[in-house]
Amino acid sequence: MSYISNVISGCCPNCKKTKVFETNGNPFLFRMPKMNQECKVCNYSFHRETGFYFGAMYMSYALTVAEMVAVFVIGLILSLSFLQMFIGVVIVVLLLSTFNYKMSRLMWLNIFYKKDEE
Ligand SMILES: [Zn+2]
């Protein structure tokens, strides 16, 4: 349960007192969320090693596919045409891009967090 609450709250996995991301980003202005280098309270490093967040790409892919399937199912329920569903999927995926970026990194960071580390 703490894994899910840590990911949703976006707090440091070690002390849970500060946010991992400095800014939220904005998909309308093409601004990606900015991540802190380390926790300001407990100095837990969020950039653990070079290429650490490469694996977060797979989490982002899974989130995006889940959102696409959800929009597709809603389109089927509303009996939309294929083109309308496609446009809906594109809009939803673009609007949720910064959300997916943040969530995938938080999920990846929390997967590899161990309490006794450092
Ligand atoms: Zn911390």
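Tutor: Start with Cys11: its closest cysteine sulfur is in Cys15, 8.1 Å away, too far for a bond. This is a predicted model, where local features need pLDDT of at least 70, side-chain atom pairs count only at pLDDT 80 or more, and totals for chains, interfaces and linings use all residues. Residues are numbered from 1 along each chain as its sequence is written, and side-chain values use heavy atoms, with hydrogens and water left out.

Student: How many disulfides does the rule count?

Tutor: A disulfide is a covalent bond between the sulfur atoms of two cysteines. The rule asks for a pair of cysteine sulfur atoms within 2.5 Å. By this rule, the count is zero.

Student: Is Cys11 buried or exposed?

Tutor: Buried means under 20% relative accessible area, exposed over 50%, partly exposed in between (1.4 Å probe, protein chains only). Cys11 has 13% relative accessibility, so Cys11 counts as buried.

Student: Which helices do the buried residues of H4 pack against?

Tutor: In H4, 11 of 15 residues are buried, among them Met103, Leu106 and Trp108. Contact means heavy atoms within 4.5 Å. The partners are helix H1 (2-9) and helix H2 (56-77).

Note on methods
Helices (H or I, at least four residues) and strands (E, at least two) are DSSP runs, numbered from the N terminus.
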